[in-house]
Amino acid sequence: MAIQKWFPLFLLLVHILCVQAKYIAYNTSSRIVPGKINVHLVPHSHDDVGWLKTIDQYYVGSNNSIQAACVKNILDSLIPALLADRNRKFVYVEQAFFQRWWREQNKKIQNKVRKLVRSSQLELINGGICMHDEATAHYIDMIDQTTLGHRFIKQEFNVTPRIGWQVDPFGHSAVQAYLLGAQVGFDSLFFGRIDYQDRIKRKNEKSLEVVWRGSKTFGSSAQIFADAFPEGYGAPGNFYYEVNTEGFDSPIVQDDTDLFDYNVPERVNEFVSAAMTQANITRTDHIMFTMGTDFQYHYAETWFTQMDKLINYVNQDGRVNALYSTPSIYTDAKHSTKESWPLKTDDYFPYADKENAYWTGYFTSRPALKGYVRKLSGYYLAARQLEFFKGFSKAGPNMESLADALAIVQHHDAVAGTEKQHVANDYATRLSKGHTEAEKAVGASLSCIVDSSLKTGCINQVNKFQQCPLLNISYCPASEVHLSNGKSLVVVVYNSLGWKKEDVIRFPVINENVMVKDSRGNRIESQVLPLLDASIGIRNYYSKSYLGISPNVTPKYWLAFSASVPPLGFNTYIISSATSIDKQGGMHAATSDMQNLRTESPKTDGVQIGPGNLKLIYSRKEGNLNMYINRRRSVKTSLEQVYGYYAAYGATKNHTQASGAYIFRPNGSYPIEFDGKVDLTILRGPLLHEAHQRINSWIYQVTRLYKGKEHAEFEFTVGPIPIDDGIGKEIITKIITTTKSNKRFYTDSNGRDFIERVRDYRKDWDLRVNQPVAGNYYPVNLGMYMKDNTSEVSILVDRVVGGSSIVDGQLEIMVHRRLIKDDRRGVSEALNETVCVHNECTGLTIVGKYYLRIDPVGEGAKWRRSYGQEIYSPFLLAFAEQDGDHWTKSNGTKFSGMDSSYVLPDNVAIITLQELEDRKVLLRLAHLYEIGEDKDLSNMARVELKRVFPFKKVNKITETNLSANQERAEMEKKRLVWKVEGDSGEEPEVVRGGPVDPETLIVELSPMEIRTFLVEFASK
């Protein structure tokens, strides 16, 4: 009854108050005010290109039971909100989303967006397809995905991004700073994640903002202003304004004085307090509030209305000055102060967000995806070269699908392995579809080049070739053919390197009675090796899983032979059945002698393998490697190679931090030894020797030594990792030597520069050690090494892994991990990868490789750099069949895109050769060595473009920045120069290659220099 009595009066009161509400015009026109704390409000949304949902689900807003996010809504609501007030600003990053949205807009909307970009209301920063990872991405992939985004922005808007915005990756690399920062043309780099101990110290010292010199080769010439945010990349604590977002419920600015919850003074005071807190840890009178976080601005007006009010009332208050801003405005403001900044060198790895929480597990997480990305990265490099030789065609099969897939998967929750399983499946599907399309383009390009009627062009070229994308599981239908009645197998071997390459290639065959000849009929030394049960089991299971079919044929052998291929070219080899006459003449492939130490009675303890200078000695009794000998290089040392695992920490009541997709937290280390009797089998032949070790039921290893090579290749098969004991496991392999490494070892930065690491030490702060293993792990993209006064021990890898030296004289890499707990960093899913056949699932098995070499001290760089490039760019194999000698008579069998008497210098690689849609050709040349790394090769190199392109005439060559969206001279002219604390200005002069003379067309490259060109050739 009481409620009924008062209800009419309540309605009357509401009516009166609503009538009295009035329109308020907010002054948002503020600019920088000298002498005041200027609070730069930077509206942004961080939109992951896949994480908890797939990229498509994030864009259209589906699968919201996992996460409420719709990027299309964000962009749709953003544009009218910006148009409503010309003072409002916004920055956007992920081109994978923006370009998709852009294609869906009509011309009217596109023109409005162009005006917003021109007026800098909408600033496109970073500019790549994604915000790439900085630990697990290779530098070539980082360049490619950035270029893809930057060229679109240039073409559509005629602007060049000038800000690096890497706010979410889990640690930050030196290569990002100097290569993907300064040499792209960025004026500054912003990021959100640094180690919690480092952050505390930097806050106290006001050194969150630094000048970062990431390259010891380039020094100040490639430095960049870098800003680590005080507390991540979100808005200050109580200033989030997203609608219907759980966990973000900040009070709005209620400025109607007639309403009971009027709070302008409280909101202003809280804003000023947050500003002063940040100003106390920041140099100069400029601070930045990052107004947004993951997937914000679905209803952009809710954010902008509140920021309008804050700017209006904070500036009326007058204690600080608030303004709409962008990172570009902020950077220019910082630069204008003439402040001297602390100097930062090396990198920001490893990253921990709290005690016992090192984000070093993701260096290895999802090793199959990481391997797939690396394999397709090298394939994409070669495929673009072949497309260039044929000529780009938009209509036919091309590289665009693979380019997009590779760009997307560089995202920091993709190749990093920190996504949900269904999202990882989506990335792999995209890569597979892109690979399939690229295979068609490669086949068409090769068919065009080998065709004897090449001079007539390549219109409607029929693809003559098959390829073997599943060769890693011993599955290659193209080579598993019966060679009889005059039929033979044609193998075209393409070399994407700029120098002649000789290497042993292997593929399965069904018969051992084969021989290999080159296209002139000369016998090629070859060897057959038995395809053992371990390989056949992997082949049968995974072909059924991947393809849904069981192979019709089971090959019994590997055929191995040595191929010699010219630079940027191919050679052709013919595989045929060997007759009895061929065998008598020694034309057939040599069989491999087999020695099984499981059944053999030992005469001596040592067993030796190695057809060349390098020898490895194994113990018959233990079955383990124990000696490394290279007489030519005067190296003889004890050497052990073993497997082990770290038991993964599981969350408990007392310890809430578990190992997971991101975090590595070991709970003890354990050796993995032979289960039962030693199982060691040796295969020997003229080309290579193999040592097969069955370590246990889920680890199998093949060690190979090749004739003419002075390194050991270790191929491991690991999985399914057993977890039936309720313990997750992180599998490592160790190299144990007598090297006196004194806590020091070296790991690469994104496959480029090597950085010295010191165990339990950080250059920038006094490390408080709480995780002596995980806190010493670093990403390894190319390799790692250690050294003492006499020798250096090097490891190279076929994909990114985590690695360390936990004990002097030892190197270890983590090759696989399977976990049963989530690490509570958002994925809410254990890293427990499985493979299923007929609804029966087992843990994932990994097949991978790493490579080992020991050199006299100071001589290891040649192998690390040259062979590292060969690992990245393996031979590309294509197969066809022929009857009689029809193929060799009607097709070209040898080709080089370069002058036949010319090769690139040993210290230079072509990392991009691609014809663009406008018929210009994108060319990148990379010097592979750092300053002082090698006494012979760390010097100026020269490339003669006339001999690189002997069949084409260069009309014009323009040097650009790294991402090819502006001329290099223009970029250098705009570069901001920053002052550094205590910098005397005395550093060694940095020498770079000079301008390219249009007549001689000789390109100079100094150590570590990458030069990018747009080349225009005369039309045919």
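Select strand 23 (residues 606-609) and strand 24 (residues 614-619), which form a hairpin with four residues between them; strands here are DSSP runs of E with at least two residues, and helices are runs of H or I with at least four, both numbered from the N terminus. In the turn, Gly610 has a positive phi of about 130°. The model is predicted, so local features need pLDDT of at least 70 and side-chain atom pairs count only at pLDDT 80 or more, while totals for chains, interfaces and linings use all residues. Residues are numbered from 1 along each chain as its sequence is written, and side-chain values use heavy atoms, with hydrogens and water left out.

Strands 23 and 24 run antiparallel and are joined by four bridges; two strands pair if DSSP finds at least two bridges between them. Gln608 has Ile617 of strand 24 as its bridge partner.

Now show the side chains of strand 24. Leu614, Leu616 and Tyr618 point one way, and Lys615, Ile617 and Ser619 the other. Six of the six residues of strand 24 are buried, meaning under 20% relative accessible area with a 1.4 Å probe and protein chains only.

Leu614 stands opposite Asn630 in strand 25. Five residues lie between strands 24 and 25 in their hairpin, and Gly623 in that turn has a positive phi of about 80°.

Finally, select residues 357-431. Over this range the chain is 59% helix and 3% strand, and the end C-alpha atoms are 32 Å apart.

Methods: Buried < 20%, exposed > 50% of the residue type's maximum accessible area, 1.4 Å probe, protein only.
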